[in-house]
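Subject: The structure we talked about

Hi,

Here is the structure I promised to pass on.

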Amino acid sequence: MQTSDVPDLAHTRTRPAHWLATATAMAAVVAVAGLLQPDDATASQAGGPRTVTTAGPELPAPDPAAAPDPAKVDFPLDCGGAKELVTKQGSGDLDGDGRPESVVVVRCEAGSGTPPSGVYVLARQAAQSSAARIVATLVDPAEKLSVGAFAVRDGTVTATLFGYSSQAVPRCCPDERRQVKWRWADGKFLRADQARA
């Protein structure tokens, strides 16, 4: 038998205690590495969305460039138990304050006929708030008009309004049509009828 010049390496045999010690050391390294992570990287520019710490989970702060959300507004419609329905919407900085407003067309959800629509301008309640409020009514549902084409562009709201010449006209079939536009001037929205048919 030939003897080795290297001493016996009996201590290199693995035993369960060695594996347990190795696993414990690795778990400690992973835990320390997890605690020493750098901040999350973001792709947003300065002035982008921020988070606000509250008593609950972190929530995104309202984006000052975002228009108000009509889903957070109670509209002054009497729908008699039917749901309110936002049929059209647009947004833009209508009053020149640097913050966009939303303009929405809302009516009651109905199975038949042409329910009257309301056209409302929404603004944020405060710069850092997501809550919205109605700041102007461009078309009151009491006028019994419905809205066809609709746009918000370059600080102007344009719409095609359909109405009725008399109570005898069936509510399914408006017989009057007006092209109108609204623009902010002198602290209020001024309406101009473009054409009447």
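Leaving out residues up to four places away in sequence, threonine 160 touches Ser146, Val147, Gly148, Ala149, Arg177, Arg178 and Gln179, where a contact means heavy atoms within 4.5 Å. Threonine 160 is part of strand E8; strands (E, at least two residues) and helices (H or I, at least four) are DSSP runs numbered from the N terminus. With a relative accessible area of 7%, threonine 160 is buried. Here buried stands for under 20% relative accessible area, exposed for over 50%, and partly exposed for what lies in between, with a 1.4 Å probe and protein chains only.

Before you go further, please note that this is a predicted model: local features need pLDDT of at least 70, side-chain atom pairs count only at pLDDT 80 or more, and totals for chains, interfaces and linings use all residues. Residues are numbered from 1 along each chain as its sequence is written, and side-chain values use heavy atoms, with hydrogens and water left out.

How confident is the predictor? pLDDT, its confidence in each residue, runs from 0 to 100. The protein chain averages a pLDDT of 76, and 63% of the residues score at least 70. Over residues 37-62 pLDDT stays under 50, and the model has 17 contacts beyond four places in sequence for that stretch. Where pLDDT is low, the predicted coordinates should not be read in detail.

Now the overall layout. The protein chain has 1 helix and 10 strands, and from the N terminus on its elements run α-β-β-β-β-β-β-β-β-β-β. Of its 197 residues, 27% count as buried. Among contacts between residues at least 6 apart in sequence, 38% join residues at least 24 apart. The accessible surface comes to about 13400 Å², with 55% of it belonging to carbon and sulfur atoms; these areas come from the Shrake-Rupley method with a 1.4 Å probe, and for residues only the protein chains shown count as cover.

Next, the interior. A nonpolar core is a set of buried Ala, Val, Leu, Ile, Met, Phe, Trp, Tyr and Cys residues joined through side-chain atoms within 4.5 Å. The largest one has 18 residues, and those with the most contacts inside it are Val103, Val119, Leu138, Phe150, Val157, Leu161 and Trp182. Two or more residues of this core come from each of strand E4 (101-108), strand E5 (117-124), strand E6 (132-139), strand E7 (146-153), strand E8 (156-163) and strand E9 (176-185). Another core, of 10 residues, lies apart from it and includes Val104, Val106, Tyr120 and Ala132. Setting aside neighbours within four places in sequence, valine 119 is in contact with Val103, Val104, Val105, Ala136, Thr137, Leu138, Val139, Val147 and Phe150.

On to the aromatic rings. A search of the whole structure finds 2 aromatic pairs. Rings of Phe, Tyr and Trp (its six-membered ring) pair if their centres lie within 6.5 Å; planes under 30 degrees apart count as stacked, over 60 as edge-to-face and the rest as tilted. Phenylalanine 75 and tyrosine 120 make a tilted pair, because their ring centres are 5.4 Å apart and their planes stand at 35 degrees. This pair links distant parts of the chain, 45 residues apart: phenylalanine 75 sits in the loop between strand E2 (59-60) and strand E3 (84-92), and tyrosine 120 in strand E5. Phenylalanine 75 is buried at 7% relative accessible area, and tyrosine 120 is buried at 1%. The rings of tryptophan 184 and phenylalanine 189 have centres 5.0 Å apart and planes at 70 degrees, so that pair is edge-to-face. Tryptophan 184 is partly exposed at 33%, whereas phenylalanine 189 counts as buried at 17%.

Last, the charged side chains. How many salt bridges are there? The count comes to 4, a salt bridge being a side-chain nitrogen of Lys or Arg within 4 Å of a carboxyl oxygen of Asp or Glu. Arginine 191 forms one with glutamate 143, with the closest N and O atoms 3.9 Å apart. Those two are 48 residues apart, with arginine 191 in strand E10 (residues 188-196) and glutamate 143 in the loop between E6 and E7. Arginine 191 also meets aspartate 193 in a salt bridge (3.3 Å, N to O). Shared partners join Glu143, Arg191 and Asp193 into one network.

Best wishes

Note on methods:
pLDDT = per-residue confidence, 0-100.
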